[in-house]
Amino acid sequence: MERALHIVVLDRSSVGEDVSVEPLKKYGEVTFHMTTKDEEAAGRVKDADIIIVNKTPMNADTLDGASHLKLICEFATGFDNVDLDYCRKRGIPVVNVVNYSTAAVAQHTIACVLYILEKLRYYDDYVKSGAYGSQPRFSHFGLPYSELDGKTWGIVGMGNIGRKVAAIAEAFGCRVICFSASGRGGCTDYEQVDFETLLRESDVLTLHCPLSDRTRNLIDLEALKKMKKTAILVNVARGAVVNEADLCTALQENWIMGAGIDVLSREPIDPGNPLLQIQDSSRLLITPHMAWASVEARTRVVTETCRNIEAFLRGEARNVVNP
């Protein structure tokens, strides 16, 4: 009798308990682990035919004992946790999920901009504190805010997310400019500028680029000093694209108006992160790496993982990152 496929999910929690992973069971016997420590991985995958993973390292240390392994599925787009060369040498395809979070991240980007731009925390607190109810006039505009219409929206990273944000920015009436950190920018739909121009002219600057040697600390003290004092910065790319200590200084010294941050150099946030010094939410909004995590996006991760497995079982290559 042919052995049933053994599927091991190492990072079940990465898609949230409110999203069903039951569809995975139709492909074989599934073992679910909510999270997996590095030192637990080798023991958990030794009998696996298929591994589904998000952050747990997949390399010689964790996989040498997995003699039945046929496929590694990322519960994500990124695959930095996998030693692709090692898997290629063993003939183990690694597949990922692409473009599942574009709408969610673009939406969160806009939410961050509007939250900071319109001082929404301040105005909500003003009403709920009772101050609005006790004033004599019908309106209150204690902190001025501006319109997006006619402003310049700068973007670093014109992939699917950057383009989606650009389209929304245009709908608000913004002029969109973009900068290619890789130097290989192929976007011709929007005006490409050099980095100095991007910093100098952007009223809103949003980051959607991968982390690389070119983008690490891209937004540092020198860059922040060149931005408009009325500018808003949003980072939904990778934490290390922005130097957090420098951003803290920029906000404290009023070099820029505000920032929205969904990604950090260390996650979860280090209690000593300098950005925690800024408790004024009208200046700085920090969210816990959840821009990608709409219910729809997390459901798509599971659905697309199922499609990747089905393609593999049919002998087809789908979303293979180590051909």
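**View 1. Strand 7 pairs with strand 8 in this predicted model.** Isoleucine 177 has glutamate 191 of strand 8 as its bridge partner. Strands 7 and 8 (residues 191-192) run parallel and are joined by 2 bridges. Glu191 also belongs to a network of salt bridges with Arg175, Arg200 and Glu201.

**View 2. Strand 6 also runs parallel to strand 7.** Here 5 bridges join strand 6 (residues 152-156) to strand 7. Tryptophan 153 is partnered with valine 176 of strand 7. Strand 7 (residues 175-179) has 4 of its 5 residues buried, so the rest of the structure largely encloses it.

**View 3. Helix 10 is tied to the loop between strand 1 and strand 2.** Aspartate 18 is exposed at 54% relative accessibility, whereas arginine 298 is buried at 10%.

**View 4. Lysine 26 meets glutamate 310 in a salt bridge.** Their closest N and O atoms are 3.8 Å apart. Lysine 26 sits in the loop between strand 1 and strand 2, and glutamate 310 in helix 10, 284 residues apart. Lysine 26 is exposed, at 59%; glutamate 310 is partly exposed, at 27%.

**View 5. The second largest pocket has a volume of about 170 Å³.** Of its 13 lining residues, Leu117, Ser146, Lys151, Thr230 and Met257 are the closest to the centre. The lining has 7 nonpolar, 2 polar and 4 charged residues.

Notes: Residues numbered from 1 in each chain as written. Predicted model: local features only at pLDDT ≥ 70, side-chain atom pairs only at ≥ 80, totals over all residues. Heavy atoms only, no water. Buried < 20%, exposed > 50% of the residue type's maximum accessible area, 1.4 Å probe, protein only. Pairing = 2+ DSSP bridges. 1 Å grid on protein atoms, 1.4 Å probe; cavity = no way out; pocket = protein on both sides within 12 Å on 5 of 7 lines; lining within 4 Å. Points joined across faces, edges and corners; volume = space filled by probe spheres on them. Nonpolar A, V, L, I, M, F, W, Y, C, P; charged D, E, K, R; others polar. Salt bridge = Lys/Arg side-chain N within 4 Å of Asp/Glu carboxyl O.
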